[in-house]
Amino acid sequence: MRFRGFFSSWVRAVIFSVCVICFSVRVLGVSAQSVGIAYCDVDRFYDTIPALFYNDSGFTPEGHLRWTSERYTNKVARVAALADSLALPLVALWGVETEGVVRNIAAACRNDYCYLHRTLNSLDGLDFALLYFADCFAPHYVEPGRRYLYVEGVLRRYSARPPHYRVRKDTVGLLLCSEERMAPWVARDLRQERPGAKLVILGRQPAQGLEIYGLRDAHVRAERAGRGNVRSRGGWRMRDRIAVDTALRIGSGEVYIRRFLLDASQTQPLATYDRRRYLGGTSHALPVYVYLE
């Protein structure tokens, strides 16, 4: 009887262990295959040096905004802290002036980000940049345009623990867009010119109409629930969003909100400036993100 009791306990323990292992493998498989992408408007992140080809005199130590090296360094630290807090393999930034600004952000990050930057030759001097983990994303084609930046590369997703990695690879085209009307035009052209890439549009874009290009809005549920990434008199509004190719599976799409991104009342994003008044925040807009599975 004692042996039978011991044997029954042993069998139950083995069955329980097998169930735990199977569950763990399943959970690890899903989480390891998913990859997160974020889009952040960093709210006119200029350096402190006057530009030659456009007017950024307000963002200088002598300008009306008193954009000093101390304030610049504080914002570098805040944007880097945001990227580290997101801890995603792909973080798109809109509103950086120069490669030097991006380099400083990447250097201040605890995570080991590579960066990609292109000058858009816009009237306000603001550009896009992409922070990425080199083991997850390998860019091979970059196309800058009017208020957009297209970055195409191989996205890697690992589905097992080391040393037995199984890697899934997709050619993904990231279209970073800061002007809503440009997104459909560029998406149409990219479908014709880069048919082998699975498209992901990040930033300002119409809430409807991109379905004809095989794209799904990842933030529909969050928007219907009343969430948004900018605050106005009418409440929260989803100004920035992410649309994903129907060939890719969306795990979730949400607005990223943390206490350090909000003002003292915790009711709206803490901007860098309120008109001319310096607030010392990160941005007037919260980041948005999506997980692809």
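Is Arg 277 buried or exposed? I looked this one up to start: Arg 277 is exposed, at 52% relative accessibility.

A note on what I am reading. This is a predicted model, where local features need pLDDT of at least 70, side-chain atom pairs count only at pLDDT 80 or more, and totals for chains, interfaces and linings use all residues. Residues are numbered from 1 along each chain as its sequence is written, and side-chain values use heavy atoms, with hydrogens and water left out.

Next I turned to salt bridges (a side-chain nitrogen of Lys or Arg within 4 Å of a carboxyl oxygen of Asp or Glu). I found 18 of them in the structure.

Arg 277 pairs with Asp 274, with 3.4 Å between the closest N and O atoms. Asp 274 is partly exposed at 37%.

Then I checked Lys 198, which bridges to Asp 170 with its closest N and O atoms 2.7 Å apart. Lys 198 sits in strand β8 (residues 198–204) and Asp 170 in strand β7 (residues 167–177), so this pair ties together parts 28 residues apart in sequence. Strands here are DSSP runs of E, at least two residues, and helices are runs of H or I, at least four, numbered from the N terminus. I noted Asp 170 as buried at 6%, while Lys 198 is partly exposed at 22%.

Last, Glu 99 and Arg 103 form a salt bridge at 4.0 Å. They are 4 residues apart in helix α3 (residues 99–108), so about one helical turn separates them.

Terms used. Buried < 20%, exposed > 50% of the residue type's maximum accessible area, 1.4 Å probe, protein only.
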